[in-house]
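Student: I have a protein structure open and would like to learn how to read it. Could you walk me through some of its features?

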Amino acid sequence: MFNIILFGPPGAGKGTQAKYIVEDFKLTHLSTGDLLRAARKSGSELGNRVAAIMDAGQLVSDEIVNELVEERILNAEGADGFIFDGYPRTVAQAQTLDAVLAKVGHPIKAVVFLQAGDDVLVPRILKRAQDSGRADDNEETIKARLNEYRNKTLPVSQHYDPQGTVYEIDGVGTIDEVRDRVSRILQSAR
């Protein structure tokens, strides 16, 4: 089983590249953003709590996200591997993910770290908001999410770094250029 984490700041292109990785490597895409948006739309009590947190530009608690992710992993029969997109976002989530994957006997093989500066990220996110109508992507929430990323998510790469599984990739360029960079790294990590 080939499990990878697609890592990087909001707007780095994780969602875009995840689609290609799923296609190229036949992995199951696990996007916490998609899981959370689905919960938000559900109108359930959990969905309403998720909506309030996301609208404030904050990250949903580890407990809620871990529960959603573990359920998805344990109920994905026949998966050849997962691409984790937007998860883990904290070291605690990374530790939980490691424990869940240990249950199924298939650890993380690669952490693809897409890198881009704020001068690229903010315009990308604003364009995405305009194109997709995502209410959670506005100037105020973008700044809050980038600060949350720097404070809580960036340390996740340090969690995986001693394992030799972190691959830093320039996330600036055309979609195809970044896709090629990612594909070359994953071919070598497989």
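Predicted model: local features only at pLDDT ≥ 70, side-chain atom pairs only at ≥ 80, totals over all residues.

Student: Let me start with phenylalanine 7. Is phenylalanine 7 buried or exposed?

Tutor: The general idea is to look at relative accessible area, where under 20% counts as buried and over 50% as exposed. Phenylalanine 7 has a value of 3%, so it is buried. You will find this residue in strand S1.

Student: Which residues does phenylalanine 7 touch, leaving out those up to four places away in sequence?

Tutor: Among them are Pro88, Val111, Phe113, Tyr149 and Ser157. Take serine 157: phenylalanine 7 and serine 157 are 150 residues apart in sequence, yet their C-alpha atoms are 8.1 Å apart in space.

Student: How do I read a phi angle?

Tutor: Most residues other than glycine have a negative phi. Now look at lysine 26, which has a positive phi of about 55° although it is not a glycine. Lysine 26 lies in the loop between H1 and strand S2, and with a relative accessible area of 57% it is exposed. A glycine with a positive phi can be found just after H3: glycine 57, at about 75°.

Student: Which residues of helix H3 are buried?

Tutor: In H3, residues 45–55, they are Gly47, Val50, Ala51 and Met54. Looking down the axis of H3, these buried residues fall within an arc of 105°, so they line one face of the helix. Helix H2 and helix H4 are included in what covers them.

Student: How is the packing of two helices described?

Tutor: Two packed helices are described by the angle between their axes and the distance between the axes. For H2 and H4, the axes come within 11 Å and cross at roughly 105°. These two helices are therefore roughly perpendicular to each other. Thr32, Leu35 and Leu36 of H2 make the contact with Val65, Leu68 and Val69 of H4. Of these contact residues, five are nonpolar, one is polar and none is charged.

Student: Last one: which members of the largest nonpolar core touch the most other members?

Tutor: That core has 27 residues, and the ones to look for are Ile5, Ile73, Phe84, Leu97, Ile108 and Tyr160. Elements that each supply at least two residues of this core include strand S1, H3, H4 and helix H7.

How values were computed:
Residues numbered from 1 in each chain as written. Heavy atoms only, no water. Buried < 20%, exposed > 50% of the residue type's maximum accessible area, 1.4 Å probe, protein only. Helix = DSSP H or I, 4+ residues; strand = E, 2+ residues; numbered from the N terminus. Arc of directions from axis to C-beta. Contact = heavy atoms within 4.5 Å. Axes fitted to C-alpha atoms, helices over the stretch in contact; angles between N-to-C directions. Parallel < 35°, antiparallel > 145°, perpendicular 65-115°, else oblique. Nonpolar A, V, L, I, M, F, W, Y, C, P; charged D, E, K, R; others polar. Core = buried A, V, L, I, M, F, W, Y, C linked by side-chain atoms within 4.5 Å.
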